[in-house]
Amino acid sequence: MHASSKSGFLGAGVMEREEGCRPPDRVGLRAPGSWRALVCGPRNLLLKDVFSCHLLKTVLLGQVLSMLICGTAVTSQYLAEAHVETPMLQSFLNYALLLLTYTTTLSLRRGDESIFQILKSRWWKYLLLALTDVEANYTVVKAYQFTTLTSIQLLDCFVIPVLMVLSWFFLKTRYRLLHFISVAVCVLGVGAMVGADLLAGRDQGSNSDVLLGDGLVLISAALYAMSNVGQEYTVKNLSRVEFLGMMGLFGTLISGVQMAVLEGGAVSKITWDWTICLLFLAFVLCMYGLYSFMPVVVKMTSATAVNLSLLTADLFSLFCGIVLFHYVFSVLYIVSFVVITVGFILFNVVPTYTPAPCDAAESAYQSVATAEMVQGDGETVLNCQQDGQQEEKCGHTEPCTTLCALKCIV
């Protein structure tokens, strides 16, 4: 897994000034009358756009998140083999660690950013955000009791379209055709992974009530999407420490109550030894790293892009399973990894567009390729780092909105 003057998480509207806000002469480079303009928008893609340092860093950071998820999966598998099935206890320990670190840090702040002001003005929003996160984790674990691993892997991709829809309406993110093509490519990669599982006979899980299990997966995906959209808005508009501090506070309360009600007996039956303790410690550290690091990557890119990169987490778990649990290797795993990575790169090559208030300190033109924002006195321009391109002023006495820039594009 972020300016206190914002009035809400998802209802941040776009306020344009009536005066002094006219569109710039030109933003980026247009490919008029060509298919590239439809697919990629007003940019001529060069090789250096595709293989930029920023894009490479984004891909690597996404895979670090996938490996952290892989760590939680492997440790959970070992705990299950030791007959320890306490998902709420594991979640509770993670939220408690967030509470001890980020909530404590937040409590040391003073003024408008103090924890008391945050709780006074928007406690219920963080409560709902933490509730969706806790229940998303719980429902996907419960789904394994009713449906198969194949169904879970396929239906879990439902989080991507839900995220895109929520981002479109609440964050005002606008996608190009290439973004939708990229998502389809990533889903094809997941299909190759599922096919390899079926060929290897590794269709684990239960089929006692497939309809209920599949429904739980879809509910979990929708809850994850809601949580991720809230996270993206918070880390980009408020702060990462505030988001994690509030998640730690309310997540600990919610998961603690749910653990006491649902897992009291299971926790009391755990035979604690150094192996079990180390497995719990490894799980909590991986989960804590995921929650701490994910907001950083979300701020660099978007929640949708991060979730596309996380599709490789199951593959890392499979690679570990080949070594640790003697799973059967299939070349389709490599094909799946390559296809998902290609889809992720395609998604990030072309920037998405997110409107921002007219007085925002930064433009909301977002990209993880070579596009960079250049701020100056009375100017906000897009620098695509292409040969011979000149930075152009929009002629405003105040920074213009993204909508002003978009008028020139569309």
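**Salt bridges, cysteines and cores**

Trainee: What makes Arg-109 partly exposed?

Mentor: In this predicted model, Arg-109 has a relative accessibility of 24%. Buried means under 20% and exposed means over 50%, so at 24% Arg-109 falls in between and counts as partly exposed.

Trainee: How do you know that Arg-109 forms a salt bridge with Glu-113?

Mentor: The closest N and O atoms of Glu-113 and Arg-109 are 3.9 Å apart. The limit is within 4 Å, so the pair qualifies. Glu-113 is partly exposed as well, at 47%.

Trainee: How many salt bridges are there by this rule?

Mentor: The count comes to three. One of them joins Glu-242 and Arg-122, at 2.8 Å from N to O. This pair ties together parts that are 120 residues apart in sequence, because Glu-242 lies in helix 10 and Arg-122 in helix 5.

Trainee: Why are Glu-242 and Arg-122 called buried?

Mentor: Glu-242 has a relative accessible area of 5%, and Arg-122 has 7%.

Trainee: What separates Glu-232 and Lys-236 along helix 9?

Mentor: They are four residues apart in that helix, which means a separation of about one helical turn. Their closest N and O atoms are 3.0 Å apart, and the two form a salt bridge. Glu-232 is buried at 4%, whereas Lys-236 is partly exposed at 25%.

Trainee: Are Cys-186 and Cys-53 buried or exposed?

Mentor: Cys-186 is at 0% relative accessibility, under the 20% limit, so Cys-186 is buried. Cys-53 is at 68%, over the 50% limit, so Cys-53 is exposed.

Trainee: How do you know that the length of helix 7 agrees with its number of residues?

Mentor: Helix 7 runs over residues 159–170 and has 12 residues. At 1.5 Å a residue they should span 16 Å, and the end C-alpha atoms are 16 Å apart, so the two values agree. Just after helix 7, Lys-172 has a positive phi of about 60 degrees.

Trainee: Which parts cover the buried residues of helix 7?

Mentor: The cover includes helix 8, helix 9 and helix 13. Among the buried residues of helix 7 are Val-159, Leu-163 and Ser-167. Pro-161 also has its place in helix 7, but Pro-161 is partly exposed, because its 38% lies between the limits of 20% and 50%.

Trainee: What does the UniProt entry say about residues 152–171?

Mentor: The unreviewed entry annotates this span, among others, as "transmembrane region". In the model the span is 80% helix and 0% strand, with its end C-alpha atoms 28 Å apart.

Trainee: Which residues touch the most other members of the largest nonpolar core?

Mentor: Leu-65, Tyr-126, Met-246, Phe-280 and Val-306 do, in a core of 43 residues. Helix 3, helix 4, helix 5, helix 10 and helix 12 each supply at least two residues of this core. The largest share, 12 residues, comes from helix 12.

Trainee: What does Leu-65 touch?

Mentor: Its contacts include Leu-290, Phe-293 and Val-306. A second, separate core of 39 residues includes Cys-157 and Val-190.

Terms used:
Residues numbered from 1 in each chain as written. Predicted model: local features only at pLDDT ≥ 70, side-chain atom pairs only at ≥ 80, totals over all residues. Heavy atoms only, no water. UniProt positions renumbered as here; feature names shortened; annotations may be inferred. Core = buried A, V, L, I, M, F, W, Y, C linked by side-chain atoms within 4.5 Å. Buried < 20%, exposed > 50% of the residue type's maximum accessible area, 1.4 Å probe, protein only. Contact = heavy atoms within 4.5 Å. Expected span 1.5 Å × (residues − 1). Salt bridge = Lys/Arg side-chain N within 4 Å of Asp/Glu carboxyl O. Lists of a residue's contacts leave out its neighbours within four places in sequence.
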